[in-house]
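Me: I am new to this structure. Please take a close look at a single part of it and describe what is found there.

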Amino acid sequence: MVKLIGVSTYVLFDKSLGVALYKFREFPLDFVEIMNEGYHLLDKYNYKLHLESLESYGMKNVIHAPFSDLNIGALNEKLRRVTLEIIFETLEIAHEMGSLLVVLHPGHYSPLSSKFPKAYEKVHKRSLEEIDRVAEKIGIKVALENMPKFPILDGQTAERIYELIDGTNLYVTFDVGHLYTVTKNYIEFLELLGDRIIHIHLHDNNGESDSHLALGDGVIPWDDVLKVLPKDITWSLEVRSLDDFKKSFEFLKSYLK
């Protein structure tokens, strides 16, 4: 049996966070993964209110660190520092909210970093090491997420995620849908990263584009995939709409019977 099943607020990203949490209360969920940007941005002024709501609904929380407009691999040092400050603030809030973990995106390539790949590697690694140190000090787990097939995105394969977390105590978020746009080799991902995987993202696609479809609406062979995923960690449904979430949740429940 899966230890904890939850949903990402990406499902209701066009609604306020308060409305999203209120709607999710209707489902027997263990946690909500808060996509910490846009209408769902957490700060030191609002997090207590949302934490109270979650607690009243009997749900724990995971926080997905902001990533839009940010880049931990930026060669512009001012931009990199601002990115890290925003992530550090997220880690502090996650600690205050008793979050199970924080999901983190890797850096991404730019026209400049494409011309200076060695500098990019050095800067990217430095950022991950800084995040690791701060997370250790605060006492919060951070799990680096594998990315979908897209030219500028880093961290698309199991080997690359392994390289990025090597030498740190960072964990891994295994996004099954993302991997299925890249290699489709989920067994290799699980074998290479093993116990470092502490969180799962579930959504479907056509094997090419990162479309975040409901489970069963794409080509991912869920009967094979679900049986090999680790069961003692958190599983989060990260689909595009409430209807897709309901369909995916029923799909998952029928598998877990």
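Reply: In helix α3, E77, R80, R81, L84, I87, F88, L91, E92 and H95 meet V123, R126, S127, E130, I131, V134, A135 and I138 of helix α5 (contact: heavy atoms within 4.5 Å). Sorted by class, the contact of α3 with α5 holds nine nonpolar, two polar and six charged residues. The model is predicted, so local features need pLDDT of at least 70 and side-chain atom pairs count only at pLDDT 80 or more, while totals for chains, interfaces and linings use all residues. Residues are numbered from 1 along each chain as its sequence is written, and side-chain values use heavy atoms, with hydrogens and water left out.

Helix α3 covers residues 77-96 and helix α5 residues 117-138; helices are DSSP runs (H or I) of at least four residues, and strands (E) of at least two. The axes of α3 and α5 lie 10 Å apart, at an angle of about 25 degrees. The two helices are therefore roughly parallel to each other (under 35 degrees; over 145 is roughly antiparallel, 65 to 115 roughly perpendicular, the rest oblique). The crossing of α3 and α5 is right-handed, the near helix being turned clockwise from the far one by less than a right angle.

Strand β1, residues 4-8, pairs with β8 in the parallel sense over four bridges (pairing needs at least two DSSP bridges), and L4 has T234 as its bridge partner in β8. Strand β7, residues 197-202, also runs parallel to β8 and is joined to β8 by four bridges; there, H201 is partnered with S236 of β8.

Methods: Axes fitted to C-alpha atoms, helices over the stretch in contact; angles between N-to-C directions. Nonpolar A, V, L, I, M, F, W, Y, C, P; charged D, E, K, R; others polar.
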